[in-house]
Structures are given as C-alpha cells and as structure tokens.
Amino acid sequence: MDHGQEHRTDPDRFTLHELIGEVRREVRMRRSVYPKWVRAGRMERVEADRQIDLMVAVERRLTKTAGM
C-alpha cells in the first residue's frame with residue numbers, strides 16, 4: 001500500500017534484453033487475447049491486427065538493435 005508516499009520508477013533501468021523479453025510477452029498476450037475481443041465485438045479485426053503488427057515491429061527493431 002502507498003501510504004501517501006509517491007511511487008517513482010525509472011524506465012531507463014531495463015536492459016535491451018529485458019525490453020525484448022517484455023515485448024515478446026506482450027505479443028503473445030495480444031495474439032491470445034485480441035481474437036477473443038474481436039469475437040466479442042470489443043475490438044475491430046483491423047485494429048487488432050494493426051496493434052499486433054506494431055508490437056512485432058518493435059520486437060524486430062529491438063532485436064536488430066541488439067544484434068540478435
């Protein structure tokens with residue numbers, strides 16, 4: 001619990017490999033969840049595909065930057 005103290009984080013603390021791992025997790029989650037949202041009418045298929053493609057592009061760019 002916060003108890004009135006401000007919680008601060010430092011997004012710059014993560015290594016490139018940690019960022020890639022998190023992006024990969026996000027891609028897996030989107031591929032699992034978004035089709036369910038599309039079927040439920042919560043999200044349009046075009047937008048689901050676009051958001052997944054964007055995250056895959058981030059993964060590829062980070063992976064290329066890391067020389068993997």
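The legends below describe close-up views of a predicted model.

**View 1. Helix 1 and helix 2 side by side.**
Helix 1 covers residues 16-39 and helix 2 covers residues 45-66. Their axes come within 9 Å and cross at roughly 165°. An angle over 145 degrees counts as roughly antiparallel, and helix 1 and helix 2 are therefore roughly antiparallel to each other. The crossing of helix 1 past helix 2 is left-handed.

**View 2. The contact face between the two helices.**
On the helix 1 side, the residues that meet helix 2 include Leu16, Leu19, Ile20, Val23, Arg24 and Glu26. Val27, Arg30, Arg31, Tyr34, Pro35 and Val38 of helix 1 also take part. On the helix 2 side, the residues involved include Arg45, Ala48, Gln51, Ile52, Met55 and Val56. Val58, Glu59, Leu62, Thr63, Thr65 and Ala66 of helix 2 belong to this face as well.

**View 3. The largest nonpolar core.**
This core has 11 residues. Among them are Ile20, Val23, Val27, Tyr34 and Val38. Met43, Ala48, Ile52, Met55, Val56 and Leu62 are members too. Helix 1 and helix 2 each supply at least two residues of the core.

**View 4. Ile52 and Arg30.**
Ile52 is one of the core residues. Residues up to four places away in sequence aside, Ile52 touches Arg30, Arg31 and Tyr34. Arg30 is placed in helix 1. With a relative accessible area of 12%, Arg30 is buried, because buried means under 20%. Apart from neighbours within four places in sequence, Arg30 is in contact with Pro35, Gln51, Ile52 and Met55.

The structure holds 6 salt bridges. In one of them, the side chains of Glu59 and Arg24 meet, with 2.8 Å from N to O. Glu59 lies in helix 2 and Arg24 in helix 1, so this pair ties together parts that are 35 residues apart in sequence. The relative accessible area of Glu59 is 18%, and this residue is buried. Arg24, at 32%, is partly exposed.

**View 5. A network of salt bridges.**
Glu22, Arg25, Glu26 and Arg30 are linked in a network of salt bridges. Arg25 forms a salt bridge with Glu26, and their closest N and O atoms are 3.3 Å apart. Arg25 is partly exposed, with a relative accessible area of 35%. Glu26, in contrast, counts as buried at 17% relative accessibility. Arg30, another member of the network, is buried as well, at 12%.

**View 6. Glu26 and Thr9.**
Glu26 is found in helix 1. Along the chain, Glu26 and Thr9 are 17 residues apart. The C-alpha atoms of these two residues are separated by 20 Å.

The side chains of Arg50 and Glu47 meet in a salt bridge, with 3.7 Å from N to O. Both residues lie in helix 2. Arg50 and Glu47 are 3 residues apart, about one turn of the helix. Arg50 counts as partly exposed, at 46% relative accessibility. Glu47 is also partly exposed, with a relative accessible area of 30%.

How values were computed
Residues are numbered from 1 along each chain as its sequence is written. This is a predicted model: local features need pLDDT of at least 70, side-chain atom pairs count only at pLDDT 80 or more; totals for chains, interfaces and linings use all residues. Side-chain values use heavy atoms; hydrogens and water are left out. A nonpolar core is a set of buried Ala, Val, Leu, Ile, Met, Phe, Trp, Tyr and Cys residues joined through side-chain atoms within 4.5 Å. Buried means under 20% relative accessible area, exposed over 50%, partly exposed in between (1.4 Å probe, protein chains only). Helices (H or I, at least four residues) and strands (E, at least two) are DSSP runs, numbered from the N terminus. Contact means heavy atoms within 4.5 Å. A salt bridge is a side-chain nitrogen of Lys or Arg within 4 Å of a carboxyl oxygen of Asp or Glu. Axes are lines fitted to C-alpha atoms, for helices over the stretch in contact, and angles run from 0 to 180 degrees between N-to-C directions. Angles under 35 degrees count as roughly parallel, over 145 as roughly antiparallel, 65 to 115 as roughly perpendicular and the rest as oblique. A crossing is left-handed if the near helix is turned anticlockwise from the far one by less than a right angle, and right-handed if clockwise.
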